[in-house]
Amino acid sequence: MGEQIKTTPEENQSAQSNQMDDLDSRYLTFLIGDAVYGIALTNVLEIINIQSITQVPNIPPHIKGIINLRGKVIPVLDARLKMYKEERPYDDKTCIIVITIHDMHIGLIVDSVSEVITSDRNHLATPPKTGMDDAQFLASIIEQDNKVILNINIEKFFQNDLFGL
């Protein structure tokens with residue numbers, strides 16, 4: 001029979017911390033138009049296909065409504081509209097990234113999901129101070145494989161939406 005390996009609580013915590021550090025340097029990238037955005041993988045629960053969304057009255061246009069995901073009601077926001085981009089019809093590449101923030105699940109509709117990338121902190125650049133709305137929620141910028149990835153600070157991105165949900 002196999003030998004059972006015993007670990008101390010400190011070793012378990014260290015292993016969990018190393019896993020979180022690994023996730024902290026990884027980003028799920030997605031497209032809104034031609035722009036590539038990233039979200040820290042630590043906040044991503046899953047990616048699902050676009051599905052029927054129940055509209056809720058008297059909410060901002062970028063909040064598309066709610067979905068039922070395995071018995072849990074989740075508010076869904078359209079990233080394109082939140083970023084003041086032109087609305088476009090959903091297609092077979094459109095998907096919902098289910099994100100966790102403050103013990104809450106939120107769906108973020110994006111044009112398409114690209115890939116998971118890894119970038120160490122040395123390759124993260126601070127976004128410029130432009131005064132433009134979409135720059136206010138940027139956490140960092142990565143230049144990788146001849147493309148610029150705009151990493152979103154989800155705290156700031158959902159700041160005005162969390163209380164109304």
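Three aromatic pairs turn up in this structure, which is a predicted model. Let's start with the stacked one: the rings of Phe30 and Tyr37 lie 5.9 Å apart, centre to centre, with 20° between their planes. Phe30 and Tyr37 are both buried.

Next comes a pair with another geometry. Phe137 and Phe157 are edge-to-face, because their planes meet at 80°, over the 60 degrees that this class requires. The ring centres of Phe137 and Phe157 are 4.8 Å apart. This pair brings together distant parts of the chain, 20 residues apart: Phe137 belongs to the loop between β9 (124-125) and β10 (138-144), while Phe157 is in helix α3 (residues 154-157).

Here are the two pairs side by side:

| Pair | Centre to centre | Angle between planes | Class |
|---|---|---|---|
| Phe30 and Tyr37 | 5.9 Å | 20° | stacked |
| Phe137 and Phe157 | 4.8 Å | 80° | edge-to-face |

Phe137 has a relative accessibility of 6%, so it counts as buried. Phe157 is buried as well, at 1% relative accessibility. Ring pairs also bring in Phe158, giving a cluster of Phe137, Phe157 and Phe158.

Finally, a look at a serine. Ser119 is found in the loop between β8 (112-118) and β9. With a relative accessible area of 5%, Ser119 is buried, because that value is under the 20% cut-off. Leaving aside residues up to four places away in sequence, Ser119 touches Ser25, Leu124, Ile142 and Gln144.

Technical notes
Residues are numbered from 1 along each chain as its sequence is written. This is a predicted model: local features need pLDDT of at least 70, side-chain atom pairs count only at pLDDT 80 or more; totals for chains, interfaces and linings use all residues. Side-chain values use heavy atoms; hydrogens and water are left out. Rings of Phe, Tyr and Trp (its six-membered ring) pair if their centres lie within 6.5 Å; planes under 30 degrees apart count as stacked, over 60 as edge-to-face and the rest as tilted. Buried means under 20% relative accessible area, exposed over 50%, partly exposed in between (1.4 Å probe, protein chains only). Helices (H or I, at least four residues) and strands (E, at least two) are DSSP runs, numbered from the N terminus. Contact means heavy atoms within 4.5 Å.
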